[in-house]
Each structure stands twice: as structure tokens, then as C-alpha cells.
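Subject: Structure for your files

Hello,

Here is the structure you will be working with. My notes on its helices and its sheet follow below.

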Amino acid sequence: MRINFFAITTLLLLIAGPSGASSPVRISPRNAERAISEETLHRDVEFLSDSLCEGRRTGTRGATMAAMYLAMNFENAGLLKMDGSYFQGFPTATGAAGHNIVGFFPSGETFSKKKYIIIGAHYDNLGILQGTLYPGADSNSSGVASMLSLARMLHHMTSIGKRYHKNIIFVAFDGKFSNMRGAQEMYDRLASGRIKNPVTGEKISKDEIDMMVNIDQIGSTLAPLSPGRNDYLIMLTGDNSSRKGSLTAVNSIYGLSLDLGFSYYGSKDFTKLFYRSVSEQKYFISGGIESVMFTSGITLNNNKPYDNVGSIDYRVLRKRTLLIYYWLTRFL
């Protein structure tokens, strides 16, 4: 059969459009779903709550294993080192050496290099007490797994051509059980100008932080907001109603239909306590940085030896992480 090369060339030009340029491909936020699965979430929680990590008590060999795992996954997700390393060390009151793991997701826009969002989750836990391992699967391997998935989703989106308008600083905090020493260290470095943008080399001012997002215990379904609804999520934030409204909107738009709560089970006092005092956003709020906390609440598993890999609902954890991702992209 004789091939008509002229006809084939003409057809290709028609498909390509004017001047041979191909039509732009529409990038949907849903493309990010390819980078998250129940299996990857399970893998992260399983490693961090394994006996190899010894409960991740600050300053122990197990905490070091967890920190190395996090640094490796930050690198695989395309996050840049800050000041030449993913590790930012600090001392605790007991003399133990803590390490925040910090990675940088750069903005794709030149004009917006000075806009930042911080996303954090503490990775340390109680460790081994009197010979008993405290795995800390929900507290807070679940939050760390969710944070890692957010980094992977953003990395996947940039790999297919998506560009965002703000930089993101990812922080796995150490020292939760040492008066949240890791969060304090991160804020102090920021406030004193000791954190630099690894792309531009410029100091990052705390006034350039648009928002701090903290994920603390997000894998359990044991403390539902409504009877019979295990697919729920709690967001605690300040008076900026747009953050809450955006979460409600994306929950509906993307068909996730999670049962949402914007207080700690309806209690004004407990809402204030949990938002302002008991998790890593505390220091950022005190410094005037708008902050948001995501959680699935405290349960009877907290600080128990049976807070293990089997205590997490990975289907719901995936839905919660997707919701946070879709919500986050509205501010990027």
C-alpha cells in the first residue's frame, strides 16, 4: 500500500493547530489523586509506628530512624533542602537532641517568591516506657503520612506542568512531648531571620507567611462528630471564615462529603484550648501568623500501646488528606 505522506502531514498540522502548536492540556486538581493511595498511607504509618522506630522519642535511635525516613521521602517528593540540609537540630530542656525535618516546595511563579505557607505535623511520640512500646500510629504517624502525601501530590502536579503562586515549607516537628520544642524552634528561627529561601537565598520573614497548617492526629474514626458517621474531619482556625467556607465548598465540589466540624465537639472552651495551646500551631498563633489545625480528635487509643498501625482507617485518612489538598490549592 502506498503511503500518502502529504496527507498525513496535513492531518498532523490540523491536529496541532496554528503554527504547529499543540492545544494546551487542561490540568485538573484531580490529577493529584494518582499520587495518593491507602497503600502508601499505610506504608508510612507502618514504618513510623514499627518497633524499628522505638516509639520515636526525641533524642533516641528510633527517632533518628524516623527522621532519616522523613528526609528520604522529602527528597523523593522533590522538596529542596533548606540551608543545605533537611535536618534542623535543637536542644530540649532535658538535654536530648531534637531534629525538625524541613523541606521546601518552590513556587512556580517568579513574582510570588515572597509568599509562603507552612505545613507541619509532629513525628515524635512517647517511645518505650518501662519496656513497653508506644507506637503512636494515630499520634502522630497519621498526620505525618498525610503531610507526606500532600508533598507527593504537589510534586506530581508540578511534574505534569501545574504551577503554584506560593512557596510551601514542610516541617516534620520533633519535640512535641518536650513542650513542643520543635515548633518553638521553627518559629524562633523564622522570627529572627535565620530561615532562607533556598532558591533566592533571601531571608524569609514571618510577615511573609500567609498561613500555618498543622495536622495532628487525623487517622482515627473513634470519635465521630455525629452518630454513625466515621467519615469526619475537624478544622480549628481563627476568625477568618473564608478558610472554613472554602473547606465546605471543596468538600461538596469534589464529592468527598465528609462530616465537618469547626469546633472541638461544640465546646467553646475546648476549642480555644486545642487551637491555641495543645499543638504546634501554638507558637505561630502567638506570633501573629494565621493558623489552621486539622484533626480527627482525641480517642481512648491516645498514648496507649495499642495505638498501632491497625488502629487507623486508611480509607477515611485518604479522603481527609484529599480534602486538605483540594482546600489548600485554593490558597496556592
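At roughly what angle do the axes of helix α2 (residues 38-48) and helix α3 (residues 61-76) cross? They cross at roughly 155° and come within 10 Å. Axes here are lines fitted to C-alpha atoms, for helices over the stretch in contact, and angles run from 0 to 180 degrees between N-to-C directions. Therefore α2 and α3 are roughly antiparallel to each other (angles under 35 degrees count as roughly parallel, over 145 as roughly antiparallel, 65 to 115 as roughly perpendicular and the rest as oblique). On the α2 side the contact is made by Arg43, Asp44, Phe47 and Leu48, and on the α3 side by Met65, Ala66, Tyr69 and Asn73; contact means heavy atoms within 4.5 Å. These residues divide into 5 nonpolar, 1 polar and 2 charged (Ala, Val, Leu, Ile, Met, Phe, Trp, Tyr, Cys and Pro count as nonpolar, Asp, Glu, Lys and Arg as charged, and the others, Gly among them, as polar).

Before going on, the basis of all this. The model is predicted: local features need pLDDT of at least 70, and side-chain atom pairs count only at pLDDT 80 or more, while totals for chains, interfaces and linings use all residues. Residues are numbered from 1 along each chain as its sequence is written, and side-chain values use heavy atoms, with hydrogens and water left out. Helices (H or I, at least four residues) and strands (E, at least two) are DSSP runs, numbered from the N terminus.

Arg243, Ser246, Leu247, Val250 and Asn251 of α6 meet Leu323, Tyr326 and Trp327 of α9. By class, this contact has 5 nonpolar, 2 polar and 1 charged residues.

Now the sheet. It is open, with 8 strands in the order β1-β2-β6-β3-β7-β10-β8-β9 and mixed pairing (two strands pair if DSSP finds at least two bridges between them). β1 (87-91) and β9 (259-261) are the edge strands, each pairing on one side only. From one strand to the next the twist averages 20°. Strands β3 (residues 116-122) and β6 (residues 167-173) run parallel and are joined by 7 bridges. Ala121 stands opposite Ala172 in β6.

Helix α3 also packs on the sheet, where it touches β1, β2 (97-105) and β6, and its direction makes about 10° with that of β2. Helix α5 (residues 181-191) lies across β1, β2, β3, β6 and β7 (209-215), and runs at about 110° to β1.

Regards
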